[in-house]
Amino acid sequence: MRKFFQEIKADLKFKTAGPGQKLSEPSRVPKERPKAEAAPKPRQAPTDEAQMAAAAALARMEMKPKAKAASSQDAIRSQVRKELMAEAAASEKGLSAEEEDFASPAKEGAAALSVSGVYFICPLTGVVVRKEKKEKHLREAIQSYFSVDPVAASIMEIHTFNKDREKVRAGVETMAKYLDNIYLHPEEEKYRKIKLQNKVFQERISCLEGIHRFFQAVGFETKTLPVPGQGKKFKSIKRTTEEYYVLKEEMLTRLEDFKDYKEQLLSAEPVRAQLDRQLCVFKPSPEAARFELPNDFYNLTAEEIKREQRLRTEAVEKASMLRTRAMREKEEQREMRKYNYTLVRVRFPDGYILQGTFYARESVSVLYNFVREALRDDWLPFELLGPGGLKLTDENLPFNECGLVPSALLTLAWDAAVMADIQAVGEEQPASALKPELLSRVQTLS
């Protein structure tokens with residue numbers, strides 16, 4: 001059947017038929033040709049891209065459930081034409097069949113993912129949300145907090161949604177100075193007004209998100225006031241009024257609040273959603289070393305994914321080149337920076353597997369703490385062994401510098417001396433070192 005499809009594809013690629021005409025049968029070469037007749041010119045072979053496209057189409061057709069036999073060869077040819085047209089369309093988009101599968105791991109028939117995605121826990125609501133919905137949820141949570149504490153909510157906005165930390169620092173320090181002047185010199189009217197067109201205000205403060213809400217929350221209101229000193233000398237100046245933030249009179253009875261506002265403003269930190277470890281415990285399984293990761297784990301755009309696929313063909317050539325150790329290390333580090341997260345599994349001596357999600361740049365010490373918190377007896381000393389039995393001794397190194405991205409299977413080994421002492425005492429040991437509440441929701445690794 002496969003040979004039959006290949007013959008049809010060759011026939012379609014190298015023969016054309018007009019409307020209403022039947023496709024002609026492939027010409028057959030006679031076994032012997034007269035010596036006087038010139039040898040036929042070999043037909044040009046299909047390009048590598050065309051062969052790969054045809055192979056991918058055939059593979060997909062063979063993987064589909066077998067349907068009833070086609071009623072005619074025309075129906076089969078029609079199906080093949082559809083496959084070829086799909087391949088051509090994918091090629092025009094710059095994606096081969098293989099690249100499309102790489103970019104869309106959730107396609108029908110794809111292998112089950114080891115984890116459905118990357119999730120975060122909102123510190124304000126405790127809700128777990130997917131990575132792409134994280135910022136939207138944070139905004140909604142902070143917006144809701146305005147009904148509880150508008151000053152604190154506006155400070156959260158300033159520190160969380162302005163990404164340039166240096167600009168935030170400069171703006172916050174200037175705002176703190178305004179509040180300090182009001183607290184220290186409440187009788188001075190000039191400190192209770194802030195001109196919005198002031199150069200310092202424009203450069204350091206008005207460019208920050210959340211500023212207007214903050215000034216409203218601490219007791220300022222917007223007013224249009226006449227420009228002072230407008231006499232005959234300034235008749236040519238058209239502008240006679242300016243916008244100001246003016247402190248409400250009743251706020252002068254709450255001067256201690258301004259001291260608190262200043263401290264909150266200076267000490268606040270951005271609200272950051274916490275990475276959800278998605279802790280899982282699996283029964284012993286020979287599939288422990290197999291990982292299928294979603295695109296969330298990769299620090300790549302769709303264009304970069306396509307580029308990575310094309311670069312695969314160059315890998316063999318690069319491997320044959322003579323490179324210095326420094327060149328190899330630099331390339332390895334660049335490779336490791338492709339990943340934002342890593343999925344780590346730790347296999348215990350009894351075969352049980354503990355799984356968690358981590359930032360690629362987190363230190364290995366975080367993993368040790370993660371394992372320790374899952375133990376029934378967290379005082380038991382242990383070591384984590386990487387591929388090849390290599391001990392992870394430097395806990396300060398990040399995952400991506402230890403080669404533990406985008407996924408890794410590690411082995412836990414107990415301290416032999418301590419375990420020998422425990423056995424010598426003769427105390428009955430539990431079946432597993434993991435906490436009972438974790439074992440109660442153990443899963444089967446598929």
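**Entry 1. Cysteines**

I began with C122, which counts as buried at 2% relative accessibility, because the cut-off for burial is under 20%. I searched for disulfides and found zero in the structure.

**Entry 2. Confidence**

I noted a mean pLDDT of 78 for the protein, with 64% of its residues at 70 or more. I then turned to residues 12–39, where pLDDT stays under 50. For this stretch the model has 23 contacts beyond four places in sequence. Residues 62–73 also have a pLDDT below 50, and I found six contacts there beyond near neighbours in sequence. Where pLDDT is low, the predicted coordinates should not be read in detail. I therefore leave such coordinates without detailed reading.

**Entry 3. Helix 5**

I checked the length of helix 5, residues 134–145. Its twelve residues, at 1.5 Å a residue, should span 16 Å, and I find the end C-alpha atoms 17 Å apart, which agrees. Which residues of helix 5 are buried? I listed H137, L138, A141 and I142. Viewed down the axis of helix 5, the buried residues fall within an arc of 130°, so they line one face of the helix. An α-helix has 3.6 residues a turn, so residues three or four places apart point the same way. I looked next at what covers the buried residues of helix 5, and this includes strand 2 (128–130) and helix 6 (150–161).

**Entry 4. S154 in helix 6**

I followed helix 6 to S154, which has its place there. At 0% relative accessibility, S154 counts as buried. What does S154 touch, leaving aside its neighbours within four places in sequence? I recorded contacts with F146, G210, R213, F214 and A217.

**Entry 5. The sheet 2-1-6**

I traced an open sheet of three strands in the order 2-1-6, with antiparallel pairing. Strand 2 and strand 6 (274–275) are its edge strands, each pairing on one side only. Between strand 1 (residues 119–121) and strand 6 I found two bridges, in the antiparallel sense. I121 stands opposite Q274 in strand 6.

**Entry 6. Q278**

I went on to the loop between strand 6 and strand 7 (280–282), in which Q278 lies. The phi of Q278 is near 50°, and I note that this is a positive value in a residue other than glycine. Is Q278 buried or exposed? It counts as buried, at 16% relative accessibility.

**Entry 7. Strand 11 and its partners**

I examined strand 11 (residues 407–414), which runs parallel to strand 8 (residues 341–347) and is joined to it by five bridges. Strand 10 (residues 382–385) pairs with strand 11 in the antiparallel sense, over four bridges.

**Entry 8. P406**

Where does P406 lie? I placed P406 in the loop between strand 10 and strand 11. I checked the peptide bond from V405 to P406 and found it cis, with omega near -5°.

Definitions and conventions. Residues numbered from 1 in each chain as written. Predicted model: local features only at pLDDT ≥ 70, side-chain atom pairs only at ≥ 80, totals over all residues. Heavy atoms only, no water. Expected span 1.5 Å × (residues − 1). Buried < 20%, exposed > 50% of the residue type's maximum accessible area, 1.4 Å probe, protein only. Arc of directions from axis to C-beta. Contact = heavy atoms within 4.5 Å. pLDDT = per-residue confidence, 0-100. Pairing = 2+ DSSP bridges. Disulfide = S-S within 2.5 Å.
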